[in-house]
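User: Could you walk me through this model, beginning with the ligand site and then moving to whatever else stands out?

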Amino acid sequence: MLNVLGLSRFQFAMTTVFHFFYVPLSIGLALCVAIMETLYVVKRKEIYKKMAKFWGKIFLLSFAVGVVTGIIQEFQFGMNWSNYSRFMGDIFGAPLAIEALLAFFMESTFIGVWMFTWNRFKPAVHAIFIWLTFLGSSVSAIWILAANSFMQHPTGFEINKATGRVRMTNFWDVLGNPQLWRAFPHVFFGAVVTGSMVLVGMSAWGLLRAHKQEQNGTAQVEPTVEADGSEHISKRVFYTRSIRLNAVIALIGAILVIIAGDLQTTFIIDDQPMKFAATEGIYEDTKDPAPWAVVSLINEKDKTAKSIEIPDMLSLLAYHSPSGSVKGMNTANEELHQQYDAKFGKDMNYYVPVTVLFWSFRFMAAVGFGVLLLSILVLWFTRKSKDTLWSSDWKLWILGLCTYLPFVGNTGGWLITELGRYPWLVYGLQTIADGVSPTATVPSLLFTNIVYFLLFLFLGGVMIFYSRRVLHQGPDYQGEGLGLQMQTGRNERRVALA
Ligand code: HEM
């Protein structure tokens, strides 16, 4: 581990996982805020404008931290993976340049316009800005995933015999990569789940706080009518409506992420059988129909697994059919040796980190079904005829903790995708060991690993600190910009209860 390759891999994994906390969060939050503002435009109800403005602050925070972590992510290629950058530059360069020039610029421009022009445009025009921001961030994801999909399933290229590097032969083949059009919907709906579930969780914290304040008599009594004659919206109403709206978005997102995940699964069964067999902890080819391992004790050294199984279930999950056996890792390993030994030698180890893949898959899928169930329960507990959520602290606590759930799903997903292509950096073309920078050294990598780790701790702390502060200020705070200052705004009209 304490060698150039191990430290470079650790650094890339740490940077990507941390950066990927914010990417789906920003895309998902942009969509949620855009829906809120559109509801305001259509229904003309003040509460939706208030929601868009309030939750928009969390969106702006996640965007800002996401940009900083993205810059650190870019450093990785030149610093630690220069051989890979040289080998892939011709493919990687075009999508990343388009991403920066079109999608990221569009997103950054409209986020600024949206943030500073409340009340300067008609509501419908102002809502267009947040939709364009959302569009920019979603299109950004397509370009990044186009580059990533090439690493999983290279298309539209040839090897330049003079340089030994990949050369793009057909841009549209790179963009039409079947891996991309399975990964993008999955990542996109994962982002929808992330943004909406974070807002469900934060609304639960908001309700919990408002309920406690009411119980211990420290709640502030708000006038029922605002100075401009509009009706006042209490915190209970605000957070309950927020939680319901976001539970609907999370429910739709969860159904679609599961369907998209199923599409991914059926693709990797044939495309990367080693990866699929690892997610199921299967060393030997299964019988027909194949059983599904619920839990498994995997011994990677002896290449054995002891599992608690549900009979026939894997055939149903993998092939949507009551029959069909699944190829084990041992067979996949033999096939990979047959295919690549001439080029990469007989000593290659094609076994991926099975235990991590097996459990990552289960955690990720559990998050999908967990969010589905939770969103249905939230809608049930907050139904108009009988709202039981407000008075149930333990339910609100559980929901509050679920704020972190989607990050487990996203991290699990990336671990499967990226660790599952081991030993390749670019599948079948370049190994991980061949991609590392020849000039990187252990001391410099140790130093940068520690610096990045501390920086990520700091940035994570900043995100949580300011999110809590926004929540504590509450939806009635009238401060300018992000509204992160603690002083109460000039226009605030609150009367203390005492
Ligand atoms: C039953 C539900 C799910 C299934 C069957 C599923 C399936 C998969 C599969 C097979 C992969 C690997 C794809 C590859 O290596 O090419 C993957 C990756 C991924 N998953 Fe899931 N997934 C599910 C739920 C979720 C949830 C709930 C989230 C997020 C909240 C999520 C986020 C991701 C991410 C970010 C990746 C990596 C990017 C990619 O290659 O698509 N997944 N998923």
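**The ligand shell**

Analyst: The ligand is surrounded by 27 residues, of which the closest are Gly190, Gly261, Gly368, Gly409 and Gly413, where near means a C-beta atom, placed from the backbone, within 6 Å. This is a predicted model, in which local features need pLDDT of at least 70, side-chain atom pairs count only at pLDDT 80 or more, and totals for chains, interfaces and linings use all residues. Residues are numbered from 1 along each chain as its sequence is written.

User: Which helices each supply at least two residues of that shell?

Analyst: Those are H6 (180-215), H7 (235-271), H11 (354-381) and H13 (405-419), with helices taken as DSSP runs of H or I of at least four residues, strands as runs of E of at least two, both numbered from the N terminus.

User: Is H6 largely enclosed or open?

Analyst: H6 is largely enclosed by the rest of the structure, because 28 of its 36 residues are buried, meaning that 20 or more other C-beta atoms, placed from the backbone, lie within 10 Å of a residue's own.

User: And what follows H6?

Analyst: Gly217 follows H6, and its phi is positive, near 75°.

User: Switching topic, how do S4 and S5 pair?

Analyst: S4 (residues 292-299) and S5 (residues 304-310) pair in the antiparallel sense over 7 bridges, pairing being assigned when DSSP finds at least two bridges between strands. Ile298 stands opposite Ala305 in S5.

User: What's in the turn?

Analyst: The two strands form a hairpin with 4 residues between them, and Lys303 in the turn has a positive phi of about 55°.

How values were computed:
A residue is buried if 20 or more other C-beta atoms lie within 10 Å of its own, exposed if 12 or fewer, and partly exposed in between; C-beta atoms are placed from the backbone.
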